[in-house]
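Please consult the sequence and the structure shown below while reading.

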Amino acid sequence: VSSAPAGLRVALLHAGGGGEIAAQLAAGLAALGHRPRAIGPEAAGAVPLAERALAARGFAAGLTSIPRSLAALARDGCDVVHACSEIDAQTALLWRRLRDVPVVFTPYVPPARENLASRRLSLTLATRAFDDSDAVVAPSSEVREGARRWLALELELIDPGDAEGYAALYGRCIEHV
Amino acid sequence: VVASHARRLRLRWLLNALEEQTCEQAWEVIVVHDYDAETARRVIEDHPLTRAGRLSHLAIEPGTGSPSRQRNIGWRAARAPLIAFTDDDCRPEPGWLAGLLAETDGAETTVVQGRTRPDPFERAVLDAPHVRTLDIDPVNPYRQTCNMLYPRALLERLGGFDEVAVSGEDVGLSLRAEAAGAAIVAAPEAIVNHAIESHTLPGIMRQNLKWRHLAYLVKTHPEFRRELTAGLFWDREHLLVSLALAGLAAARRDRRALLLTAPFLVRAMRRRGRRPAALALAGAELPGLALRQSAEVAGLAAGSVRHRTVVL
């Protein structure tokens, strides 16, 4: 049973990937009477030219999506930000600093040694996303196993189809903020 | 033996790589660290190597550690006759330990150095202007402890690492080993992948400050001076930037002295390649590079004064 307030405004950030999780979750949350809003690459994607310039200097992909994602959050506001990628988690954490809104992070790909430090800032972004979010949840057993092996973290597993589970989690996060 | 500080995630990755070792002989891992109990539990105690009885750890008080001290604590706690060292920013290949052991001959005077290369997983980071990594084709003069194997008996005879040394303690140990009759042999198949870490300019300048203590190494091991460029400079880059600085200083009196900056400028401009885009990038990076290398030379000059021997 959801302990979240009714009509919760949930921003589902997936500019850095994880669109399937966001879509599945949005449908489930809407069915429960909440007001989810998916913010993906079409609304908050990376800026190709700047992205190419940063990539040439070895930076992690997707950094240029952060300002557009922040603008999208500012437009409509929200009660919870749910990030589906490490880049989205940076946006969410910035937004929390501005608006004191809880951040839930659900990595859409399993953490793996090959990509955790593969580019400049990659490790910093991953560390912040996993350490600083109010809640980090694995959407699959693969993600949970990757977090255990490479980050020494034990994550709770909530399937993206379990909207009630996520709504309850949002409620707990709001209580703690 | 692994000394670890402020790298809990990379330590975890190292332990994962050690778990995949193919070595069939008995071996154990000892980590000496200054992490809090909760971090140690998550990263080390809950690791599969601990459950397999192959991993143990020793915690020291935060702020009391140094690579030398931690490695000494580690090898003294070890039970094996051969001690392999690696670092917490490294990822050994599965055949690493077997590769090191293949070059040992049972003699108490055989020291083995493996090959270290920038981690292929992190190669993109090399595009950053200020990076730190290691690329070692054994045997090199510096005998970095990220990939070395010493007989325990030799370590006992030498008293281990010099804990007074802030940097260069690994070279110092190998020089004392050679003086005691040891031979350093290469193990090119024992591969360790070293992290490639990108830093800001102030960050890398701060980190490189520790190299000023290399003067202590040269003071205590004068024979190492033969490895220095022109017997005075730590490396060729330091020679070139010193020449450039001298040229700039002398140019007030004679503008021809500016020619002394040419070798540094040519080398710096070619570091990214010779295509127009690479030259433009190198040009953009030139001020930062000059500042960083000048700071390194200045640091070594300060260390030279402190330790009363000149190394630049």
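**The second largest pocket**

The second largest pocket has a volume of about 440 Å³. On a 1 Å grid over the protein atoms alone, a pocket is an open set of points with protein on both sides within 12 Å along at least five of seven lines, whereas a cavity is a set of points where a 1.4 Å probe fits but cannot get out; lining residues have an atom within 4 Å of a point. Grid points are joined across faces, edges and corners, and a volume is the space filled by probe spheres set on the points. The lining of this pocket comprises 21 residues, and those nearest its centre are A:Ala61, A:Glu86, A:Ile87, A:Val109 and A:Asn115. Helix 5 (86-99), helix 6 (113-116) and helix 7 (122-132) of chain A are the elements that give two or more residues to the lining. Helices (H or I, at least four residues) and strands (E, at least two) are DSSP runs, numbered from the N terminus. By class, the lining has 13 nonpolar, 6 polar and 2 charged residues. Here Ala, Val, Leu, Ile, Met, Phe, Trp, Tyr, Cys and Pro count as nonpolar, Asp, Glu, Lys and Arg as charged, and the others, Gly among them, as polar.

**Basis of the model**

This is a predicted model, in which local features need pLDDT of at least 70 and side-chain atom pairs count only at pLDDT 80 or more, while totals for chains, interfaces and linings use all residues. Residues are numbered from 1 along each chain as its sequence is written, chains are lettered from A and ligands numbered from 1 in the order in which they are written, and side-chain values use heavy atoms, with hydrogens and water left out. The model scores ipTM 0.92 and pTM 0.93. Chain B has a mean pLDDT (the predictor's confidence in each residue, from 0 to 100) of 96, and 100% of its residues reach 70 or more.

**The sheet of chain B**

Chain B contains an open sheet of 8 strands in the order 3-2-1-4-8-6-9-5, with mixed pairing. Two strands pair if DSSP finds at least two bridges between them. Strand 3 (55-59) and strand 5 (90-92) of chain B are the edge strands, each pairing on one side only. Neighbouring strands of this sheet are turned by 30 degrees against each other on average, direction ignored. Axes are lines fitted to C-alpha atoms, for helices over the stretch in contact, and angles run from 0 to 180 degrees between N-to-C directions.

| Strand pair (chain B) | Bridges | Sense |
|---|---|---|
| Strand 4 (82-87) and strand 8 (148-151) | 4 bridges | antiparallel |
| Strand 5 and strand 9 | 3 bridges | antiparallel |
| Strand 6 (110-118) and strand 9 | 9 bridges | parallel |

Individual bridges can be located by residue. B:Phe85 has B:Met148 in strand 8 as its bridge partner. In strand 9 of chain B, B:His194 is the bridge partner of B:Cys90, and B:Asn193 stands opposite B:Arg117.

Helix 1 (residues 8-19) of chain B packs on the sheet, touching strand 1 (2-4), strand 2 (29-33), strand 3, strand 4 and strand 5 of chain B, where contact means heavy atoms within 4.5 Å. The direction of helix 1 makes about 10 degrees with that of strand 5 of chain B. Helix 2 (residues 37-45) of chain B also packs on the sheet, touching strand 2 and strand 3 of chain B, and its direction makes about 160 degrees with that of strand 3.

**The sheet of chain A**

In chain A, 6 strands form an open sheet in the order 2-1-3-4-5-6, with parallel pairing. Its edge strands are strand 2 (35-39) and strand 6 (156-157) of chain A. Strand 3 (residues 80-83) and strand 4 (residues 103-105) of chain A are joined in the parallel sense over 3 bridges, and A:Ala83 stands opposite A:Phe105.

**Cavities**

The count comes to 2 cavities of 30 Å³ or more. The largest cavity has a volume of about 70 Å³, and residues of both chains line it, among them A:Leu116, A:Phe130, B:Arg8 and B:Trp13. Helix 7 of chain A gives the largest share of this lining, 5 residues. The second largest cavity has a volume of about 50 Å³. Its lining has 4 nonpolar, 2 polar and 7 charged residues, and helix 1 of chain B supplies the largest share, 3 residues.
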